[in-house]
Amino acid sequence: MKHRTLGRDLRTSAIGLGCMGMSEFYGPGDETESIATIHHAVDHGVTFLDTSDLYGPFTNERLVGKAVAGRRDEVVIATKFGIERRPDGTRVGVNGRPEYVRRACDASLGRLGVDHIDLYYQHRVDPAVPIEETWGALKELVEAGKVRHLGISEAAPATVRRAHAVHPISAGQYEYSLFSRDIEDELLPTLRELGIGLVAYSPLGRGILTGAYSRTDEFADNDFRRGNPRWQGDNFAANQALVAEVEDVARSLGSTPAQVALAWVIGRGDDVVPIPGTRRASRLDENVAALDLELRPEHLGVLDELAKAVAGERYAPDGMRGVNL
């Protein structure tokens with residue numbers, strides 16, 4: 001397994017495993033299969049596991065904790081706080097208050113069954129709480145040994161700078177793929193100026209870049225994509241036409257569209273670590289193989305044009321209001 005370093009000294013596998021879909025947002029999951037997939041990942045060197053208290057809610061952290069029991073020293077566990085939910089799934093809102101930060105961290109430690117979190121992200125910025133207050137509490141968690149490294153997700157460049165001034169940020173987690181490149185304008189240069197790594201979530205465009213979907217009406221009722229703008233009507237048709245171009249590149253390389261999409265993200269820099277999600281070991285193997293796929297200049301020329309024609313926002317309006325704060 002190849003490795004990369006996020007921030008100053010957080011060493012991870014060069015590709016991670018997003019565990020969210022094992023518990024929520026992408027239809028029903030199977031705990032036994034999911035745990036087997038995590039074990040398969042760790043056995044094959046994919047040791048960077050991404051979860052959050054949001055997912056489930058809470059059940060995904062428990063699943064990850066169960067999967068890594070007895071193997072704690074082999075993995076890098078990343079989890080998040082900030083999007084507050086009740087046990088019944090009701091969303092309370094974004095919460096960045098210091099007392100909530102401390103309480104959320106202790107709860108995550110308990111669900112994961114660990115004595116420290118390797119990378120603890122602020123999942124979303126709370127516009128009602130100065131970022132310095134939230135990060136003051138996070139700094140205390142590092143000093144107490146409960147957290148090793150800090151991260152931030154979907155924050156605006158100016159907010160990243162303010163948080164980083166309180167305590168160094170090791171990683172920023174942002175959506176980044178062939179279909180989502182808006183961070184390249186200002187955010188990515190800011191991360192690199194400050195020495196912050198990029199963890200790329202949804203590097204497969206929530207599955208659309210795999211070429212595996214020709215229709216969306218067969219998704220489960222609780223599948224996030226049913227309401228995602230890029231998967232709706234004319235937007236979906238337009239984006240499918242772009243996926244066809246990724247498929248053409250894949251055929252020329254004897255690879256899969258997913259591997260092409262991941263190789264593109266991997267090739268954006270040694271400070272970038274994608275975390276594609278999957279519930280199946282076979283898909284994990286497919287994703288890992290992208291580390292050895294080389295895209296030639298003629299392929300990059302085709303792929304670099306795709307984002308200009310993507311139809312639809314990344315999230316529905318409510319979701320978009322919570323990013324870039």
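The sulfur of Cys19 lies 18 Å from the closest cysteine sulfur, that of Cys105, which is too far for a bond. In this predicted model, the structure holds zero disulfides.

**Cysteines**
- Cys105 is likewise in no disulfide, the nearest cysteine sulfur being that of Cys19, 18 Å away.
- Cys19 is buried, with a relative accessible area of 0%.
- Cys105 also counts as buried, at 0% relative accessibility.

**Nonpolar cores**
- The largest nonpolar core comprises 79 residues, and Ile38 and Tyr120 have the most contacts inside it.
- Helix 8 (residues 257–266) gives the most to this core, contributing eight residues.
- Beyond its neighbours within four places in sequence, Ile38 is in contact with Leu17, Cys19, Met22, Leu49, Leu63, Val64 and Ala67.
- Another core, of 14 residues, lies apart from the largest one and includes Leu6, Phe48, Tyr201 and Val323.
- In soluble globular proteins, nonpolar side chains tend to be buried together.

**Helix 3**
- Helix 3 (residues 98–112) has 15 residues and reaches 21 Å from its first C-alpha to its last, close to the 21 Å expected at 1.5 Å a residue.
- Its buried residues are Pro98, Tyr100, Val101, Ala104, Cys105, Ser108, Leu109, Arg111 and Leu112.
- Viewed down the axis of helix 3, these buried residues fall within an arc of 165°, so they line one face of the helix.
- The elements covering the buried residues of helix 3 include helix 2 (59–68), strand 5 (76–81), strand 6 (83–85), strand 8 (117–122), helix 4 (131–143) and strand 9 (147–153).
- Just after helix 3, Gly113 adopts a positive phi of about 70°.

Conventions. Residues are numbered from 1 along each chain as its sequence is written. This is a predicted model: local features need pLDDT of at least 70, side-chain atom pairs count only at pLDDT 80 or more; totals for chains, interfaces and linings use all residues. Side-chain values use heavy atoms; hydrogens and water are left out. A disulfide is a pair of cysteine sulfur atoms within 2.5 Å. Buried means under 20% relative accessible area, exposed over 50%, partly exposed in between (1.4 Å probe, protein chains only). A nonpolar core is a set of buried Ala, Val, Leu, Ile, Met, Phe, Trp, Tyr and Cys residues joined through side-chain atoms within 4.5 Å. Helices (H or I, at least four residues) and strands (E, at least two) are DSSP runs, numbered from the N terminus. Contact means heavy atoms within 4.5 Å. The expected span of a helix is 1.5 Å times one less than its number of residues. The arc is that of the directions from the helix axis to the C-beta atoms.
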